[in-house]
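This report describes how two neighbouring elements of a protein pack together. It then turns to the surroundings of one of them and to the protein as a whole.

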Amino acid sequence: MSVNRCLYLFSRLRRHVDARTARLARSSCHASTGSASLHGEHPMCAVVSSRNSSSSSKPPDTSLFVPLTLKTDLSAEGSVGAELTQHLDKNELLKIVNRFYKKKEIQKLAADNGLDARLFHQAFINFRKYILEVTSLPADLHIILSDICCGAGHIDDIYPYFMRHAKQIFPMLDCMDDLRKISDLRVPVNWYPEARTIQRKVIFHAGPTNSGKTYHAIQRYLAAKSGVYCGPLKLLAHEIFEKTNQAGVPCDLVTGEERTFMDPDGRASAHVACTIEMCSVTTPYEVAVIDEIQMIRDPSRGWAWTRALLGLCAEEIHVCGEPAAIDFIRELMYTTGEEVEVHTYQRLTPFSILNKAVESLDHLRAGDCIVCFSKNDIYSISRQIEARGMECAVIYGSLPPGTKLSQAKKFNDPDDPCKILVATDAIGMGLNLSIKRIIFNSLVKPNVNEKGEKQMETISTSQALQIAGRAGRFASKFKEGEVTTMLRDDLPILKDILSRTVEPIETAGLHPTAEQIEMFAYHLPEATLSNLIDIFVSLSQVGGLYFVCNIDDFKFLADMIQHIPLNLRSRYVFCTAPINKKQPFVCTSFLKFARQFSRDEPLTFDWVCRHVNWPLAPPKNIKDLVHLEAVHDVLDLYLWLSYRFMDMFPDTASVREIQQELDTAIQVGVRNITRLIRATNPAITGPLQMQKKGVQTDATNSHSSGITKNPSTTRRWGQAMDNSLTNRLVQDGLLTSKMLEQLQSEWAHGQRKESASHSALGFKSHSKTDKDNKRKKTK
């Protein structure tokens, strides 16, 4: 059984268990709703209470509570306690406080006041250390301890002083109720009072990919006096911005890194196309369009769709997305008292699942798109395709938008010899592509769950449909689409995935706001931002309709700049910057930006050029290309920060100019990507060359090649895998040519030593055999 098959069956089993659990939970909700109606309760209240019942006040995660360090210098008070009583014997004190700690009644009393076993232990250790090490105790505590030592007091008398100390090192104990109120996220509809003052009409345009659902919503948007389009990608916002202006309707563009106003004086137009995070929830519009509403359950970005849906001040809200979201959006709008009108659409052009896998790159034809889930697979396959005399376009997520559009244009151009596309699932939305056949190179992709854990999973039905739906799009030259896999074993799995209905959406994402974190910081002034976020999420109550989005990236940035002196609001804004934390150069740049900002020194164009070493040379290998992509991300970060701190990032126009030049250089690099792969290390033999030399790889074990050949010997297969690993290490910049030479030298040296030892052993063995033979002859 293949690895894909095992992962697929496991994911199906887990989804089955989750679905069963969800059905049981829903059935209990319906039962509680019925009982509520019997008692005359409003059904809406019953639904909300049933969904929220699972999120009653939960105990905090006390492992997140970091004890503060107290000042132990009480020399100003002097040793008043000692003057009034006597000096304390440290050995006797140790026995007393240890007896105090072991009393069950004290532990129970502390638990009733918010100190669970973990906090009680931490507080006691800190309290004991304080008593034994401080030079002069407060007079009242000194007198109490002296009385206990003399037999005039009871050991329980220490408790009030212990609790006083515990609340000093854990200040959250004194304000736990306030913190719970601040982190109560069960009714986010109340966060948007402007939207609640108007009765909005919500229209859901439901349908699969290429069904015209967004088109109909945009037609209403164009006809309105004012409107806002909210999309998941910059590419989509750009597309609507251009189409709206081409239709004669003045429209502005607002993304995290860009502001384009059609009015020469910079006045805002009545229409705006924006990325969803940038939409205004205070500006009134006649029509708002929220695209790809199913992303409301996205573990990282779902909060932006929730905010737009609940907060936009528009007379009409047009929501576009998968039918799987209809019931949930109805339920969510029920909490606002707004009805949902549903318009359903069917796919405009059909696509069919083929009964045969491609199995070999020799079987590719014009209009094919091979979908990979790793950049390394893209590098490998694109090189093999061009080695067969065919040109291919390449699209993956980390490419700049301009480069993606350039590659899409190259692929779509009927006069261009490029007829094959190799891409990641980045083609799932935001690009108009003329694809005849979608070929899944693999069905397993890395994924991040709601806990922020990375795992390999079989793609979901929703993901598969989104990608497969790119085949045979309406108005392209291919009126019917086809879908298949590269590997024969994957085809029945893909058919089963596409045959299932999309799992219904059941929750929407939320994220703590800057205002909520500021209120937390008021109560916990000594806590770090990362610790504040952790405590907030630990205490938060979200109800059955919502979940708190993954905050790992936010915490990663917060920890990175914790040592830099910034006010809380600026620190929060920096930590919401959309950067790729896997890129070391981007992270280093982020750190330098924050440090320069903290010194109140503007980040000028010259400063940025020195930092990125501008001008940059054209890429000579894959490592250079990856670095150019990282520099493009750094310039994006500058532009993003420039719209939040205009005085400190003043040279937006100049930075945008060099970013466009950089985009052009990256486009040239991607057009010559196979040459860059070869230049990375010419000595490395790719799978195609290994086949020419007689080294054949097993199709089930070589996902990157996708070519089925006869099984080879174990030794040759091992050599192929070794070359593949070396290739990946070099491409990722983790292995240089010098390091490779050193490894080869060490390997050769090890082989010589091993041969020498084998020879020695062989000599000894032969000597022993000769001796035995001589003894036999003597006998």
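In this predicted model, helix 21 passes helix 22 in a right-handed crossing. On the side of helix 21, the contact is formed by Phe554, Leu557 and Ala558, and on the side of helix 22 by Tyr572, Phe574 and Cys575. These residues comprise six nonpolar, no polar and no charged ones.

Two packed helices are described by the angle between their axes and the distance between the axes. Helix 21 spans residues 552-560 and helix 22 spans residues 568-575; their packing angle is about 125°, and their axes lie 8 Å apart.

Six of the eight residues of helix 22 are buried, so helix 22 is largely enclosed by the rest of the structure. The buried residues are Ser570, Arg571, Tyr572, Val573, Phe574 and Cys575. Their packing partners are helix 21 together with helix 19 (514-523), helix 20 (529-539), helix 23 (584-598) and helix 25 (622-642).

The following table gives values for the whole protein.

| Property of the protein | Value |
|---|---|
| Secondary structure | 30 helices and 18 strands |
| Buried residues | 49% of the 779 residues |
| Accessible surface | about 38000 Å² |
| Part of the accessible surface belonging to carbon and sulfur atoms | 54% |

Among the contacts in the protein with a separation of 6 or more, 75% are between residues 24 or more positions apart.

Methods:
Residues are numbered from 1 along each chain as its sequence is written. This is a predicted model: local features need pLDDT of at least 70, side-chain atom pairs count only at pLDDT 80 or more; totals for chains, interfaces and linings use all residues. Side-chain values use heavy atoms; hydrogens and water are left out. Axes are lines fitted to C-alpha atoms, for helices over the stretch in contact, and angles run from 0 to 180 degrees between N-to-C directions. Helices (H or I, at least four residues) and strands (E, at least two) are DSSP runs, numbered from the N terminus. A crossing is left-handed if the near helix is turned anticlockwise from the far one by less than a right angle, and right-handed if clockwise. Contact means heavy atoms within 4.5 Å. Ala, Val, Leu, Ile, Met, Phe, Trp, Tyr, Cys and Pro count as nonpolar, Asp, Glu, Lys and Arg as charged, and the others, Gly among them, as polar. Buried means under 20% relative accessible area, exposed over 50%, partly exposed in between (1.4 Å probe, protein chains only). Accessible areas come from the Shrake-Rupley method with a 1.4 Å probe; for residues, only the protein chains shown count as cover.
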